[in-house]
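This briefing covers salt bridges, fold, confidence, surface and aromatic pairs of one protein model. The topics follow in that order below the structure.

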Amino acid sequence: MLERQAKMRERAKKLREERENSRRAIAKEKLDMKWRDECDELRPKLRAKQHADINIERAKQIEIARMLKSREASDNRYYDTLWETDRLLKIEREERENAELIERNKQCLAVSEQCLSVFYLAVSREQCPSEFKRNERSSCKAVHSYMT
């Protein structure tokens with residue numbers, strides 16, 4: 001119990017000292033401020049220093065803003081280049097796919113024309129229907145295997 005009371009007294013003393021030190025620091029700052037405000041020779045120099053500090057800080061802010069704007073422009077150019085590259089690749093792919101489709105259609109047309117010529121040949125020679133069916137199946141199988 002005595003130890004606890006001693007700890008509490010010590011803690012209270014420490015808190016009083018901290019509070020007193022804080023009060024002294026504030027009082028010293030206020031006195032210093034009052035002295036600076038009342039000192040006619042010091043006031044213009046402090047004001048000039050304050051303006052110089054403000055100008056330096058503003059110059060830093062302007063430089064940061066310029067750097068950010070430059071970075072943004074650089075990023076925009078980069079993304080524009082990526083977009084243009086993708087656009088050109090897409091056009092190239094579409095042209096290639098269209099050319100492949102046209103080629104497949106030409107080959108299908110050629111096979112169909114071949115089937116028709118076989119048919120007309122069979123008709124002109126008056127082949128029997130069973131032989132024609134056999135020829136037709138083999139030609140059509142070739143078309144089907146090509147398409148798949």
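Asp53 forms a salt bridge with Lys49, with 3.1 Å between the closest N and O atoms; a salt bridge here is a side-chain nitrogen of Lys or Arg within 4 Å of a carboxyl oxygen of Asp or Glu. The model is predicted: local features need pLDDT of at least 70, side-chain atom pairs count only at pLDDT 80 or more, and totals for chains, interfaces and linings use all residues. Residues are numbered from 1 along each chain as its sequence is written, and side-chain values use heavy atoms, with hydrogens and water left out.

**Salt bridges**

- By the rule above, the count is 7 salt bridges.
- Side chains of opposite charge can pair when their charged atoms come close.
- Asp53 and Lys49 are both in helix 2, 4 residues apart, which is about one turn of the helix.
- Asp53 is partly exposed because its relative accessibility is 39%, where buried means under 20% relative accessible area, exposed over 50%, and partly exposed in between (1.4 Å probe, protein chains only).
- Arg66 and Glu63 form a salt bridge through their side chains, at 2.5 Å from N to O.
- Both Arg66 and Glu63 belong to helix 2 and lie 3 residues apart, about one turn of the helix.
- Arg66 has 48% relative accessibility and so counts as partly exposed; Glu63, at 35%, also counts as partly exposed.
- A salt bridge also joins the side chains of Glu84 and Arg87, with an N to O distance of 2.5 Å.
- Glu84 and Arg87 are about one helical turn apart because they are separated by 3 residues in helix 2.
- The relative accessible area is 29% for Glu84, which is therefore partly exposed, and 33% for Arg87, which is partly exposed as well.
- Glu20, Arg23 and Arg24 are connected in a network of salt bridges.

**Fold and confidence**

- The protein contains 3 helices and 0 strands; helices (H or I, at least four residues) and strands (E, at least two) are DSSP runs, numbered from the N terminus.
- Along the sequence the pattern reads α-α-α.
- Mean pLDDT, the predictor's confidence in each residue from 0 to 100, is 86 for the protein, and 84% of its residues reach 70 or more.
- Where pLDDT is low, the predicted coordinates should not be read in detail.

**Surface**

- The protein has 148 residues, and 3% of them count as buried.
- Its accessible surface is about 13,900 Å², computed by the Shrake-Rupley method with a 1.4 Å probe; for residues, only the protein chains shown count as cover.
- Carbon and sulfur atoms account for 56% of the accessible surface.

**Aromatic pairs**

- There are 2 aromatic pairs; rings of Phe, Tyr and Trp (its six-membered ring) pair if their centres lie within 6.5 Å, and planes under 30 degrees apart count as stacked, over 60 as edge-to-face and the rest as tilted.
- Tyr78 and Tyr79 have ring centres 5.3 Å apart and planes at 65°, so this pair is edge-to-face.
- Phe119 and Tyr120 have ring centres 5.7 Å apart and planes at 55°, so this pair is tilted.
- Phe119 is partly exposed at 33% relative accessibility, whereas Tyr120 is exposed at 54%.
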